[in-house]
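Morning, everyone. Today I want to talk about salt bridges. Please have a look at the structure first.

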Amino acid sequence: MDSQYVLIGMQSGVLECYRLPPLNNLTVKYKLTSRPRHMSFNCNSTKFGVIDVNSLLLIFAMDTESLDEPCKTFNPVLINHRNDSWDLQWSDDDPDLYAVMEKSRLYIFRGSSPEEPIISQGNICSFCDLRVTAVLLDEVMKDPERPKKEHLILNFETKSLRDMRRLLNQNIYFRDAVNFAVANDHHCLWRLLSKSALGKREYMSAYQSFVHCGDYHGVQLVKRLEVIDDENEREAVLITYFQQFEEAEDMYTHNNQLEHAINLRSKMGDWFKVEKLLHNICAEGKALAWIWDKIGHYFYERQKWARAAPYFSRSNNITKLAECLYLQENFTSLERAADRINEDCNASSALAHLFTSAGMCEQATTAYLHANDAENAISTCIVMNRWEHATTVAGSLEFHQDMVGV
């Protein structure tokens, strides 16, 4: 099954192909010589592969002419066949690439031409970016409760990817690598070529490679590098792209560009490093309050209320502080937090709801009145059967007579 068709194999060897959508209309039938055991389409539904009960692999082309004559039985167009096959996986990004397991060997095909076999007994999980990922299920099932890491993931690269790496590691003209990428056109090869060009500071070649592989962010990176005049800053931006964050931060710090280091760590969400950098530049006021609030949210999202509360207190985020104290059932500190509210009506309303749910009538009433919500203040007293307190609040505010009567 894929996004366009569904193949259903019969014991008689007949394959029924349905088009999606709808599923109720039979498109075409194909006749095989034996019962199919495994079936799959390539990434653009132009080919499909079948492994039958005799371990015979058959690769067929979808006959577009036969699709115009529904409900008829055809002999499919055979492209390739292999014996002793037990697993098949098409590439997710190349319609001509597929991986096949034959006995204890892994073959990677482009069309009908196989690459050199690789010794493996793994079950193929995925085939993407010119890499085949497999798992040794037999080894895993020997001790499924304690699987070993070396049995979980096996990665194999296609010949074109290995050849590209070898070309880039050799002292050759960059044009030869470009010609190889053109001859074996794949976005993974162009991405590898673009990173190599950036490493050699060949920005024009990197720009062209990013365009070929459709990497918009890479294109914007090259444009940004070309307009940076400071060589040290350009180098820091470049090594950041290669995820060498510690080196980039050290370079920014060494060149007294702490604002760039802070921006780098902020984008990474490393708020503890940002706090350290802010202390290095003796930041105060809003800057520290901002980072303390971020650290508070870091602990809050991980349900570490006790560690989040001090940071919310330092950043004066009373609403979040109150939530943390409420979740810890620390109602004494929750009352003290209410005293820190100035003119923030939203924070007062939030605390009032927390006090109400905790059954703290007087504190809830005070918070509602601070938020200029007298009606909810009196309603809270009524719900908690605090009639005398409700009358006092209503009388002090000269509330309308019908509420006082209640």
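Start with Lys159. This is a predicted model, and Lys159 comes out partly exposed, because its relative accessibility is 38%. Its salt-bridge partner is Asp163, with the closest N and O atoms 2.8 Å apart. Buried or exposed, what is Asp163? Buried: its relative accessibility is 11%, and the cut-off for buried is under 20%. Both residues sit in helix 3, residues 159–169. They are four residues apart there, so about one helical turn separates them.

Next pair. Lys142 bridges to Glu139, and here the closest N and O atoms are 3.4 Å apart. Again we are within a helix: helix 1, residues 137–142, holds both. The spacing is three residues, about one turn. Lys142 is exposed, at 63% relative accessibility. Glu139 is partly exposed, at 31%.

Arg265 and Glu249 meet through their side chains in a salt bridge, 2.6 Å from N to O. This one links distant parts of the chain, with Arg265 in helix 10 (residues 258–268) and Glu249 in helix 9 (residues 245–254). They are 16 residues apart. How accessible is Arg265? Its relative accessibility is 2%, so Arg265 counts as buried. Glu249 is buried too, with a relative accessible area of 8%.

Last, the overall count. How many salt bridges does a search of the whole structure find? The search gives 19. That's my part.

Terms used: Residues numbered from 1 in each chain as written. Predicted model: local features only at pLDDT ≥ 70, side-chain atom pairs only at ≥ 80, totals over all residues. Heavy atoms only, no water. Salt bridge = Lys/Arg side-chain N within 4 Å of Asp/Glu carboxyl O. Helix = DSSP H or I, 4+ residues; strand = E, 2+ residues; numbered from the N terminus. Buried < 20%, exposed > 50% of the residue type's maximum accessible area, 1.4 Å probe, protein only.
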